[in-house]
Amino acid sequence: MKLNRPSFIICCLCLLVFARLHGQEKSNYYAFPIQPGKQNYLAGTMGELRANHFHAGIDIKTNQVEGLPVYAAADGYISRIKTSTWGYGNVIYIAHPNQTTTVYAHLREFKPALEHHMLEAQYQREQFEVELFPKKEDFPVKKGEIIAYSGNTGGSMAPHLHFEIRDANHRPLDPLQYKFSEIKDTTPPTAEKIAFVTLEKDARVNGIFGRQEFNLTKGNDGNFKLSEPVHVHGKIGLEVLAHDKLDGVPNKNGIACIEMNLDNDLVFSQTIENYTFAESRQILVLYNYETSINSGQRFNKLYQDDGNSLPFYNRTQRRGMLSLSDSLQHNISISLADSYQNSSTIDLQLNLGARNRSQDRKLPFKGTIGLSLLDNTLLMYCKGQDNAAPMQLHTGRRVINLQPAYHYSDANIYLWDLRRGLPDSAMVCDDKLPLNFKALVPSVSEFSYFGDQYALKFPRNALYDTLYLRSRFQEVPEKGGILSVEGVVPMQKAAYFTMKALLNNVNKEKAAVYRMDKYGGLHYEGGKWEGDKITFSTRSLGDYLIASDTLAPEITPISLSSEKVSFVIQDDLSGISSFRAEINGQWLLMQHDYKRNLIFSERKDKTVPLAGNFKLVVTDNAGNKNEFTTKL
């Protein structure tokens with residue numbers, strides 16, 4: 001379906017114009033970098049909402065195989081090459097005369113001359129991970145010239161080619177704006193869910209405070225709708241769970257342009273055209289961070305938070321936040337467009353001043369009493385209590401009799417604006433509910449907190465939003481202590497936490513801090529000891545404990561021949577830190593595929609067989625070493 005609203009046409013046109021604004025006048029300047037002239041299929045598009053970054057290019061499928069020729073997209077020279085265990089793996093950067101750069105990532109290998117150049121550097125430096133910046137005259141390339149072969153190296157989860165086009169300032173551009181004939185797309189975006197979020201204490205959605213999700217269905221007119229109107233009051237925000245598909249593939253990709261109109265007035269406009277890599281982590285405030293942690297679903301916010309300074313938004317008076325207090329019916333239209341201007345529409349009806357719908361739904365909380373936190377508002381509830389029963393809220397020396405904000409099913413709901421004070425505890429349902437609020441941590445300034453057995457330090461601009469700090473240190477028999485730092489505020493920079501070791505027999509050479517996930521698994525954070533305290537840095541709030549790793553890594557031979565040796569290397573707790581292989585005392589390059597825990601040899605001179613005394617030493621993050629030796 002094609003839309004004809006003027007504002008949305010402008011949004012779509014800006015996607016077309018954008019490439020020209022960055023020096024690209026000819027649509028055929030770039031050639032498709034793999035299987036040119038044939039229809040290709042994508043596994044990912046520009047600007048997709050990844051876990052902690054925006055996707056910077058397109059992922060081109062290679063039919064689950066490696067070794068397809070990769071071609072230079074335009075004339076230029078190879079300005080940078082890199083081998084890495086993580087990220088882009090083997091990657092090539094080509095600088096072009098029009099001041100742009102193209103990027104080719106997850107390669108299996110480079111073209112022979114480039115492969116030899118990298119191999120020489122790896123052996124000279126005696127390390128696998130190497131980054132080189134050749135001179136302009138070293139590796140000139142012509143458009144359509146083979147520069148490498150596709151692979152699955154680095155953070156790639158399946159064989160494919162990651163391809164980018166960057167402007168003169170190395171900001172990613174959407175390659176699909178150049179309309180490669182190899183990519184077909186006539187499929188419009190799909191909307192799955194819409195979420196309504198209350199943005200102030202007195203706001204309500206269907207009579208309640210908080211965040212509510214609703215499934216969308218496609219109507220006879222092709223637009224996505226709700227089965228019934230939503231009743232709202234006060235300041236609210238909307239979020240959408242949606243994706244785009246290209247012709248012939250099931251992959252769920254990102255959406256280039258989103259606009260929202262309230263009664264034909266534009267109130268939100270987002271177009272992912274370009275950004276700097278320094279801004280990429282702000283994706284944590286573009287989508288709903290807490291929902292992503294809990295469910296894995298990334299809802300695109302249709303309002304711009306204070307901590308969101310991304311350059312994707314057209315200026316609107318309301319920044320997408322809706323303040324609704326009349327008694328009229330309002331219509332919301334949300335438009336979704338992909339890079340090929342295929343578009344879809346979500347039509348919503350909002351009723352104001354309607355009856356309270358809170359009695360129609362069951363209480364979503366578990367247990368008799370509990371709490372949740374949304375922005376600046378603390379929500380507490382108590383089941384099976386008289387409608388008018390107050391809650392005693394203790395904030396320092398003050399005791400506040402807090403009246404219920406409303407009654408929900410069989411429970412009283414109490415709301416407290418944390419900007420009025422941080423409560424220590426609450427008496428509710430004749431029981432004491434500890435709250436553990438310690439301090440208000442600002443997002444822009446440095447802040448430190450000191451507890452009995454721990455200390456927390458947040459550098460300036462560490463947080464994207466204000467954190468209402470809830471923390472505690474719990475002694476656990478035979479384990480020492482668990483430091484809990486609660487919160488779902490995304491972090492821009494690492495914070496520094498210090499905790500005390502409560503066990504006297506801790507082996508500090510082998511002990512480190514580990515973060516516990518919700519399944520009880522441990523993830524290495526590291527740390528530096530000073531006396532009986534250890535300090536570590538982290539960009540994740542959660543539960544931490546001190547554990548010792550005393551077991552050496554495992555080494556399992558897979559292949560031992562004169563042409564190649566390979567091993568599976570694994571560690572049960574702290575993880576692999578480094579490995580070193582030698583043949584007759586000389587360093588031997590070992591390629592590393594961490595996805596398969598595999599390392600395998602790469603000889604500098606393929607005419608010289610591997611013969612003599614071989615040794616492999618693998619070290620984990622706790623300093624434990626395992627050694628494997630054999631005669632080849």
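Visitor: Which residues have the most contacts inside the largest nonpolar core?

Guide: In this predicted model, the largest nonpolar core holds 45 residues, and Ile194, Phe196, Leu238, Ile334 and Leu348 have the most contacts inside it. Several elements each supply at least two residues of this core, among them strand S12 (190–198), strand S18 (257–262), helix H3 (283–286) and strand S23 (343–351). The largest share, 5 residues, comes from S17. A second, separate core has 38 residues, including Ala121, Val141, Leu173 and Tyr178.

Visitor: What volume does the second largest pocket have, and which residues are the closest to its centre?

Guide: Rolling a probe the size of a water molecule over the atoms shows where empty space is left. Here the second largest pocket has a volume of about 690 Å³. It is lined by 24 residues, of which Arg50, His55, Asp59, His106 and His162 are the closest to its centre. Strand S2 (58–61) and strand S10 (160–166) each supply at least two lining residues, and S10 gives the most, with 3 residues. By class, the lining has 8 nonpolar, 12 polar and 4 charged residues.

Visitor: Where is Gln35 placed, and what is its phi?

Guide: Most residues other than glycine have a negative phi. Gln35, however, has a positive phi, near 45 degrees. Gln35 lies in the loop between helix H1 (6–21) and strand S1 (42–44), and it is partly exposed, with a relative accessible area of 22%.

Visitor: What is the phi of Glu126?

Guide: Glu126 is not a glycine, yet its phi is positive, about 55 degrees. This residue is found in the loop between helix H2 (112–125) and strand S7 (130–132). Glu126 is partly exposed, with a relative accessible area of 38%.

Conventions: Residues numbered from 1 in each chain as written. Predicted model: local features only at pLDDT ≥ 70, side-chain atom pairs only at ≥ 80, totals over all residues. Heavy atoms only, no water. Core = buried A, V, L, I, M, F, W, Y, C linked by side-chain atoms within 4.5 Å. Buried < 20%, exposed > 50% of the residue type's maximum accessible area, 1.4 Å probe, protein only. Helix = DSSP H or I, 4+ residues; strand = E, 2+ residues; numbered from the N terminus. 1 Å grid on protein atoms, 1.4 Å probe; cavity = no way out; pocket = protein on both sides within 12 Å on 5 of 7 lines; lining within 4 Å. Points joined across faces, edges and corners; volume = space filled by probe spheres on them. Nonpolar A, V, L, I, M, F, W, Y, C, P; charged D, E, K, R; others polar.
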